[in-house]
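Please open the structure in your viewer and keep the selection tool at hand. We will go from stop to stop, with something to pick at each one.

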Amino acid sequence: MRNRAIPPLFIASSLTLSVQFAFAGVNAQDNTVTQNDIEHIRVDGHHSAIHQHAHGLSEEALSSALAATSDSADLLRTLPGIHINAAGGLSGLPAIRGLADDRLRIQTDGMDLIASCPNHMNPPLSYLAPSALADVTVFATVTPVSQGGDSIGGTISTLRKRPELVAAGEDTAITGNIGGYWRSNNQAQGLHANLSVAGDTWGLLYSGNISQADNYRASAAFKNTTTTGRPNHSLRLDEVGSSAYKTQNHSLALRYQHQADEFDLQVNQQRMPYQLYPNQRMDLLDNDQFSVNIAWRRQTDWGHIKTRMYQEDVDHYMNFGDDKQFWYGTLAPMGMPCSPIRFMGDAEGTCAAGMPMFSESVLRAATTDAEWTRSDTDTLRFGAGAQFYTLDDYWTASGGGMGPGTFENIDNGRRNRLFLYAEREYRLSSAIYANYGIRAEHIALSTGAIQGYATGENAPGMQYMQAQQFNAGSRDDNQFNVDVTAALSIIISNELTAEAGVSRKVRSPNLYEKYTWSSWMMAASMNNTVGDGNGYVGNAGLQAETAYSISTSLTWQPKDSDVTLTASPYFTYVEDYIDATAANAMWQPRQFNVLTYENQTARLYGVDLSAHYHYNSPQFGRFSIASSVSITHAENTETGSGLYQTLPFHGDVVVSHVSGPWQTELNWEFAAAKTDISVIRNEVKTAGYGLLGMQTGYVTKQFRVDVGVKNLLDKFYYDPTAGTYTGQGMTMALNGIPFGIAVPGMGRNAYISSTVYF
C-alpha cells in the first residue's frame, strides 16, 4: 500500500464533540432518562409525519429474504419505484425512479461510504450482509434535507443490528442465531451468525457471514461461443461467465448506556477474495475493507443530539478472472502462457501477464445532528459535518504496452465535503403537516499530476501527450451546492390522505467522472461504472448536477375495508446531468466505443402505484395480496435519447398466507420490453418477461426453515438494467469480444435455508 499523509482531520470532529459536551451539561441532573425510556428510541432514523417518500422493509421481510439472496441491494427491489442495476452477485446498484449509484445517498449505520473502484465494484451496500440488517428505509425523490446531501435521486438508509440491553436489574443475557443456505442454480452456499451479550447498561454483538457461489446459468443458450481465452477452459452456452463470488464479513459492536448518554462503537471488516463481473472487462480479485464507527447520543428534555465519527480504509485489486483471457502479446497466441514478461519495443516480441489494477482509499468523517422539539407541533433539526476522502488508482506494469512504469489513473485524488443543514417540521393544523429545510455543501475536488505506463512521446494511445495536457490543466475545483426541500401532508378525510413535495437537490461529480484522463482504448475500457462495455474518459470541467423535482402521493383506505391504494406521480428536471458523448470521431453504432462525460439536461417522470388487501380467517389464517407497478420515462432533452439503465414499465404481485408457524408466498415479477435506450452508449434492447416464484417457511421462536424456487417456470429473459455481456474472452481489447449481448437473468433456482435461535 502507498504511504498517505494523514490529513489533520477531525478539526470538525473536535468542534462537534465540543458542541456535544457543551450540551451535555444542560439539565443533566434534572432530566435523567432511564434505560427503559430510551432503549427503543431510533435516533438514527427520521421521525416525520411526512411519509409519502419513505418506504421500509419489515423485520419479517428481511428474515424471509435471507434464503433467496446474498445481495443486500436485492432486498430493495420489492419497494415501489426501486429497481436494481445488476452487477456482481453481491454488488447490485440500487436505482430510485431512474437515478442510481452515486446519484443516491446510501447510508450504512450513519456512514456515507464511497465506491473506490473504476468499475464501482465495491458500492456501499456490498459491505453489508443481509443477515446483519435490522432496518432499511428508502426516501424517494423529495428527500428531507436532514436525510439528503450530495445526491439527486433519493436516500437509502440501512442499519445493522445493534447490541441489545436487558431491563435494569436483570441478569446478563446471551442470545443469538446461526444459519445457512444453499441454492441450486449456481451452487451458492453460506453461513451466517449473530451472537449478543446484553447487560442492563452495556451490550456486545458479533455478526458474521461467509458466502460463495459459482457462475449461474440462464434458462437457455444466449451466446454462440464457449471460448474464454484461457487454454483448456470453456463455458457452456447457457453459463453466464464471470458471475461467481466469495466473501466474508465480520462486525463487532459495543453499546454502552449511562442515564441520558449512549455510546456505540462498531468495527467492520470485509475480506472478499473474488467477485467476478459479467458486465465488466475486469474482475474483483481482492477487496479488503476495514471501518470504525463511533457514535455518542444524548437525550435531553428539549430533544436529542448525536455525534458520529468514522473511518474506512479500502484496498481493492482487479485483474482478469478465470473466465477472461489473461495472457496477451505476440508471444501469447490464443491466450497461451508466455515467459518472460516482455514490453513493447522488445525485438523478441511482447508478453503481458494480465493487467493488475489497484485502488486504495481512506475516508474519514465526523457529523453532528440535533433535534429540538419545541412543542408537540413544532420540531427543528440542525446538522453539520465534514468528510475527507483520498483515492489512489494505479495500474502496475505487466508487459506489452503496459509498462515499463506504472499507469496512474488517479493519483492522490481528493473529494472533501463540508456541509450543514436546518430543517423544520411543523403541524399547521390537526390535518396538515409541513416539512421544509435548506442544506449547504462545499465540495473540493482535486488530483495530483499523473503519468502513463510509458513516458516517451511514442507511448501507445497518446499517453504521453494526454498526460502532459492533463497535468497542465486545472486539477482543482470547488463547488458550492444548495439543497432546498418543502413538503406537505394533508389528511383530507378518514379515508383519504395526500402529500406533495418540491425540492432542489445537487450532486457533484465523483473522481472517476472528473479526473480519469486517457482515451487510449485499452485504458479507457477499464474505466466504466455502468457495465455497458464502453470505455470512458473523465472531464475535469464537469459541473454539479442540479435536480428540480415535484412529487405527490394520494393514499385511499376505504372505511371498514382492508384495502389500501396509493398513487405517487413525480417529475424531475436535471440541469447539468452528467451523460456520455463520443470522445472522438471513431464512434460507430453496433460496437463498443470510447465515450467521455458531458453536462447535458435530462427529464424523468412517472408514477408508482401500489395496492394491498388482507383478509383474516379464523379457520384458515391470514391472506394478503400486494401489488406495485412503476412507470418511468427518462430522456436526455438535448439529444432526445433515453437515459441509460432506466427500467420500463414493471412491477410485481405477491400473494401470501400465514397460518400458525407456516408462511407461504407466491409472487409474480414482470417487466415490459425495453426499447427506449441510450443511443450514444449503444444500449441493448430487451424483451418483456414475467417470472413466477414461490416460498414457504416454518417459523417458531427456536428455529426457522424456508424453501422456495425463483423463476419457477425456468423462463429465459434478459435483465433490462444489467448492462452488456462482457463476461468471457479477450476483454482487454475494446472490440475483441462479441457486441450486443445483454446479460441474461438466472434460470430456475431452488433454495433452502435454516436458522436456529438461542
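Helices and strands on this tour are DSSP runs numbered from the N terminus, a helix having at least four residues and a strand at least two. Keep in mind as you look around that this is a predicted model.

**Stop 1: two cis peptide bonds**

Start with Gly-403 and Pro-404, whose peptide bond is cis with omega near 5°. Pro-404 belongs to the loop between strand 19 (378-395) and strand 20 (407-429). Then select Ser-339 and Pro-340, where you will find another cis peptide bond, with omega about -5°. Pro-340 sits in the loop between strand 16 (327-328) and strand 17 (352-353).

**Stop 2**

Move on to Asn-412, which is in strand 20. Its phi is near 55°, a positive value in a residue other than glycine. Is Asn-412 buried, partly exposed or exposed? With a relative accessible area of 32%, Asn-412 is partly exposed.

Now pick Asp-560, in the loop between strand 25 (545-556) and strand 26 (563-582). Asp-560 is not a glycine either, yet has a positive phi of about 55°. This residue is exposed, as its relative accessible area is 78%.

**Stop 2**

In soluble globular proteins, nonpolar side chains tend to be buried together.

Zoom in on Met-282 and show what surrounds it. Beyond its neighbours within four places in sequence, Met-282 is in contact with residues including Asn-119, Met-121, Met-318, Phe-320, Met-355 and Met-526.

**Stop 3: an aromatic cluster**

How are their two rings arranged? The ring centres are 6.3 Å apart and the planes stand at 90°, so the pair is edge-to-face. This pair links distant parts of the chain: Tyr-453 is in the loop between strand 21 and helix 4, and Trp-520, 67 residues apart from it, is in the loop between helix 5 and helix 6. Both Tyr-453 and Trp-520 are buried.

For another edge-to-face pair, select Trp-662 and Tyr-698, at 4.9 Å centre to centre and with 70° between the planes. Trp-662 is in strand 30 (residues 662-671) and Tyr-698 in strand 31 (residues 689-699). Trp-662 is partly exposed at 46% relative accessible area, and Tyr-698 is partly exposed at 29%.

Widen the view around Tyr-453 and Trp-520 to bring in Trp-395, Phe-407 and Trp-517; ring pairs link these five residues into a cluster. In total, the structure holds 21 aromatic pairs.

**Stop 4: charges over rings**

Show Arg-281 together with Phe-592: the arginine lies over the face of the ring, at 4.9 Å from the ring centre. Next, show Arg-374 and Trp-372, where the charged end of Arg-374 sits over the ring, 5.5 Å from its centre.

Thr-731 is in the loop between strand 32 and strand 33, and is buried, with a relative accessible area of 0%.

**Stop 5: strands side by side**

Colour strand 33 (residues 749-757) and strand 9 (residues 173-183), which run antiparallel and are joined by seven bridges. Here Asn-177 has Tyr-757 as its bridge partner. Strand 33 also pairs with strand 32 (residues 703-710), in the antiparallel sense and over eight bridges. In that pairing, Val-707 stands opposite Ile-752.

Finish at an open sheet of three strands, antiparallel and in the order 2-3-4. Which strands stand at its edges? They are strand 2 (82-85) and strand 4 (99-100); each has a single partner strand, so one side of each is left without a neighbour in the sheet. Strand 2 and strand 3 (residues 93-96) pair over four bridges, with His-83 opposite Ala-95.

Note on methods:
Residues numbered from 1 in each chain as written. Predicted model: local features only at pLDDT ≥ 70, side-chain atom pairs only at ≥ 80, totals over all residues. Heavy atoms only, no water. Buried < 20%, exposed > 50% of the residue type's maximum accessible area, 1.4 Å probe, protein only. Contact = heavy atoms within 4.5 Å. Pairing = 2+ DSSP bridges. Phe/Tyr/Trp six-rings, centres within 6.5 Å; stacked < 30°, edge-to-face > 60°. Lys NZ or Arg CZ within 6 Å of the ring centre and 35° of its normal.
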